[in-house]
Structure formats: structure tokens, C-alpha cells
Amino acid sequence: MSSIIEARGLTKVFGSNGTAVHALCGIDLTVSAGEFVALVGPSGSGKSTLMAIIGCLDSPTKGSYAIDGTNVEGLSEAALARIRNEKVGFVFQNYNLLPKASIARNVELPLLYAGVGRKERRRRALELLERVGIPEKANVLPGVLSGGQCQRVAIARALANTPALLLADEPTGALDSKTGEEVLALFKELHRQGNSVMLVTHDAHIASLAERRVELRDGLIVSDVSEKRAA
Amino acid sequence: MLSGAFRERLAGAWVEIRENLGRSRLQTLGVVLGVASVLGGFSISDSQRRRSDERWVKLGGMDRLNVQPSEAIRDGQPTALQTANLGLRAEDADEGGSLDAKAVSGVSQQKMARARVRSPYADQDRQLTGIGGDYMALNGYTVEKGREFSAEDLENGRPVALLGAEAAATFFPTGDAVGQTIRLGEIPVVVVGTLAEKVFRWRDNQGNQFAWRNRIVAVPATLVARRMQGDRWQRVDRVAFRIRDLDVMKTFSEGLGALLKGNHRQQEDFRIDDIGARVRKRRSQGDVYNMIFMLSGVLSLIGGGMVNVNIQMATLKERVREVGVKMAIGASGREVFKEFMTEALLLTGLGALAGFAAGVAFSKIITSFLEIPLFMQPASFLWAFLLAAAFGFAFALYPAWKASRLSPMEALRYE
């Protein structure tokens, strides 16, 4: 199976010499297509930084990183934007929906940046909303939706360009436990359909849903456990 | 240029504007005021200038080039050369008229005299106007009753007269002047026509500026020259050329000067109207106002631009998050820049349209208050729009550039 994530010796240093903070101190990580990985660790462990690099939002200070076979080293800002657009689907803790754009438009946005035509965008957006279970909300604003519904919209948006990797940062952090379970179930369902999923969380229970757990501490991977039979 | 991507961006900008109506309204306000001010200002000053041009023409100002003998020959002790010189005469008018036949649409001569004017009803000492050429047309006189002087009358100095409205009323209060005889000094002349009353008022409640013109007692200039105070050279008191085009008038006046100097033994014993001054006057008329209005327009555009930048900065938090999200889902810095610029330019365009409406309304109100007809030129619209577009563009650059340079990670985390 081809690898979605191929990271070698990733190092990230914030600040300059005197006040330098080493967020990542040499990370090696390989994730294959179709895996469901949980990235766990306490706050300050560097998991958000790692996630940013994996999602091409940030670039490493040192080390090499390839996503879905593309080495990102030395790529231009525009090329990175293209990778984020095509290969990565982000889901954030606080949903990060555009508050004044309709649900459908929120979902359409990645398609817009990919250059998909208007009619096709609308069709795909409706299809995706159906897939995450809220087809009837296409024309409302995010403000009227519950947290769980917002996160479903965010997931629909993340799936818009059928990315190689679904990257979720504490996707249930802002939800009550029941809704959180529903969202997690959706992730599992998406995984079952063949999507590669990476969850970033500090919650051991959520992490236990994944078939593979990568634990970070002080910028290093301290454990990497795979369970063939997850939950 | 109107590619698919641009249309998408435009549609997106429209959505963005509609979704943030309050913010957008504030942002366009400066543009609206600026455009309204430039357009309104230009239009009001154009209207005023046009009105004043019309009055100039009506007063017989703008399109006439007058030549008069200079003072030295009229009073005092003339030099031998001046004495020997012939002065301004009919020949000058004829030659001047054929100098540029295309440009000159009329030539008139005038020779004044004073005489005792007597009719069965009145006996007054009056100025007589000896006229020749196209005097009537050039001075805007029209015949009300009877007829104008014929070419033959003018040529041969026939004893005929035309009376202005006031003169007719004075000498023939019964209203049957045409066909009657009046005596100019000892010369009996027949009144062949009376002239329509000439009226011109700056404002409705003011006096008639043309009252003096209605006092005219006109006879052929040749009659004055032959039978009252003439000489054999047919000297005249004034020659006027009608030339519609002010630019042509300038070159014509130079040519005429050279011609007359040659005719007058190299003596500058005549005076031609200063066309340069007239051109300057016409050009500068309203220029000051244009400058002031343009300045106030530019100032409100600058003010508006700053408000715009301020709003962008004040809504930075919201916008930075938005930019972060857009970047996370695949917008490049260039795309973000284009989105911001498109939005700003669309706002400017909409603001300019609203500004046009406001400017037209503004001009209408002011001109109706000033009681002058409204006159708007496409150029004013263009100017207002170009200024707004230039400033809209300039002030959009900074926020757009700022936004495009955000790092997606920092933008997402921005609190």
C-alpha cells in the first residue's frame, strides 16, 4: 500500500537562538493509505505543530516530508495551497466555518479553489451534505446549526475534493459527549469507506477508537501502537 | 479579462458584500461622497460656466472681434503721420472679411453721429448709429415691423432709418412709425422699420441690461459719412467681425492686425480686442471651482479610503480567521489578494454608481437653487469614476497585501 505520510527527521524550532523553542525534535512517521491514526499527547507535546506540518499549513525547520508521494520541500506558497486544497481535508475543533456564508457555500469553497464550475460545485456540495447526514441545511447560515451539525458541515467541506488525508484537530473538543460520539462514528464510517484519517486529540478514549495510536511527548514520538482490531 | 475565475471571484465578492452589508456600506460611503462631490462640483461649475457663456454671447461678447480707431487719433493733437493716415475705414472691413472667409460669419461697420431728431411727436438730441454690413445680425437686432435696410440702402446712403423699440415709442407713441418721416438735423429720412425690444436680465427682478439698445436710431453708415460728418475715405468708428470659434479667432486677430498695419502706413492707430485675455477668461472661468470640487472630492475619497483601511483593520480578527480558513482549504496568497481586491473594487464600483446618483441629485438641487439650467458632461462622470477607481484601488492594496501575506497557521490561530 502506498504511504500517505512519509516524514523523516522533522524538526520545528520556533523563535531564534536565545529563546528558541524546539516544538519537534526529529519525528519519523509513515502512514499508509486507509489507516485511521490518532495523534495523542498532552498540550505542548508538539502534536499541533506536527499536524500543521502534515497538513502543509507550516513547513518544518529541518527534515523531509512527503504527502501522498509529493515532497513538499521547497515548494512555493501557491503549490502548498494547492496541496492543501487537493490532498488534505481539515476538520477543526471550532469548525472554522465562514459564519456569513451559507452551508452550501462553505462546502463549495474548496471546490471553488480547485476550479470546479458552479453547477458541479453545488451538486457535489449537496451530495456531501447528504453523506454527512444534513442534506436539508444547505441554504442556512452556520449560526443556526448546533455544534454537531457544524462539525458535520466541516467534515463535508473537508471531503469536498476527495483528499488523500482527512486531518482532524480535536474534532469533538467543543461538543458534548453524545454529539461527540456521533461525530466520531461518522469518522469511523468514513474510514470504513476507505478514507485515511488522522485525529489529533488528547483524549485517550477517542484515541482508543483508532486502529493506530501515535503518542507525542516533548516533540518526540514516545509510542506507536497499532491494533488490528479497533473497538 | 472576464474569465471564468474572475467571474467566480466577482460573484464571491458580491456574496461577501451582501453578507457583510453593514461593513460594506461604511466602506462605500467614502467613495459615494467622493464621487458625488467630484461629479456634483464639476457639473455645477459646468452649468454655471455654460450659463455664463450663453450670457456672454447674448450680450454680444464672446463671438465678436471689434476693431476701433485708437484714442490718439480721436482726440488731441495728431502727429503729421497720423493726420496723413486714413484711420479705420470701410476698406479695412472688406479686406478683413475676406482674410478668412470661412471663419468670418459676419462683418459690421458702425459710424456714430449726433443730431437733433424730430418727429411730429418728439424733438430730442440723439445719438445716431450709422450701420453697415451685418450690423443687425451681429448685434442681435430683429425687425418687428417694416423691413431691414436693403443692400442698396447701405450702398448708396439712402435716407432711411430703423428705430429701436424705445425710440419708436418716443418718436411715434401712436405706434405707426413705419413709413413716416423724421428729420435728423436737416435731413429728412423715412422710417422703414421698427426693431423688436431687446431684453436681458441677470435675474428676473433686475433691470433690463439692454434698455440702452432700444434707444437706437439707425441709419446707413454711408448716409452718415456722406451727409453728416463724413469724409471721402469713409472712415468708420468700429468694425466688428463675427467668428464663432474662439481658437480661430486668435489666429484671425493676428492676421487682421498685420493686414491693418499694412493698410495704415505701419501705424498702429487701431485697437483690436485682446483675444488672449478673452480665451484666458473663458478658460479660467470656473477653473477655481473645479479645483476646489476636485480637491474636496479627492479629500473625501482619501477619507473614505482611510475609513476603508480602518474598517479592514478593525474587522481584522474576523477576516484573519476567514483568511486562515480559506488558506487551509486551498486558497493561495495570490487568490486571497485577488479576492480582497475584487471585493474592494466591486465596492468602489457600486459606491461610484451610488455616488453618480447622489452627484446628480446634488447638482440638481444646487442648480435649481441657483436658478440655472443643469448641464452635465460625460467627462465629469468619467473623472469622478476614474478618481474613485484610482483611490479605491490604492487603498485596497495594503489590506489585500497584508491578508495575502498571512501565514495560514498563524491566521487560523489568530485570536
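This is a predicted model: local features need pLDDT of at least 70, side-chain atom pairs count only at pLDDT 80 or more; totals for chains, interfaces and linings use all residues.

A: S6(B) and strand S7 (residues 187–195) of chain B pair in the antiparallel sense, over four bridges. Strands pair if DSSP finds at least two bridges between them. Strands are DSSP runs of E, at least two residues, and helices are runs of H or I, at least four, all numbered from the N terminus.

Q: Which residue stands opposite Ile182(B) in S7(B)?
A: Val189(B).

Q: And the turn of that hairpin?
A: Two residues lie between S6(B) and S7(B), and Gly185(B) takes a positive phi near 65 degrees.

Q: Which side chains of S6(B) are buried?
A: In strand S6 (residues 181–184) of chain B, Ile182(B) and Leu184(B) point to one face and are buried. Buried means 20 or more other C-beta atoms within 10 Å of the residue's own, with C-beta atoms placed from the backbone; exposed is 12 or fewer, partly exposed in between.

Q: What does S2(B) do with S6(B)?
A: Strand S2 (residues 104–118) of chain B pairs antiparallel with S6(B) over two bridges. Arg118(B) has Arg183(B) as its bridge partner.

Q: Now chain A. What is the strand order in the open sheet?
A: S2-S1-S4-S5, four strands with antiparallel pairing. Strand S2 (21–32) and strand S5 (70–71) of chain A are at the edges with a single partner strand each, so one side of each is left without a neighbour in the sheet.

Q: How many bridges join S4(A) to S5(A)?
A: Two. Ile67(A) has Thr70(A) as its bridge partner in S5(A).

Q: Helices next. Why does the span of H14(B) agree with its length?
A: At 1.5 Å a residue, the 38 residues of helix H14 (residues 333–370) of chain B should span 56 Å, and the end C-alpha atoms are 53 Å apart, which agrees. The expected span is 1.5 Å times one less than the number of residues.

Q: What comes just after H14(B)?
A: Glu371(B), with a positive phi of about 60 degrees.

Q: How many residues of chain B touch chain A?
A: 18, in contact with 21 of chain A; contact means C-beta atoms, placed from the backbone, within 7 Å. H13(B) gives the most to that side of chain B, five residues.

Technical notes:
Residues are numbered from 1 along each chain as its sequence is written. Chains are lettered from A and ligands numbered from 1 in the order in which they are written. Two residues are in contact if their C-beta atoms, placed from the backbone, lie within 7 Å.
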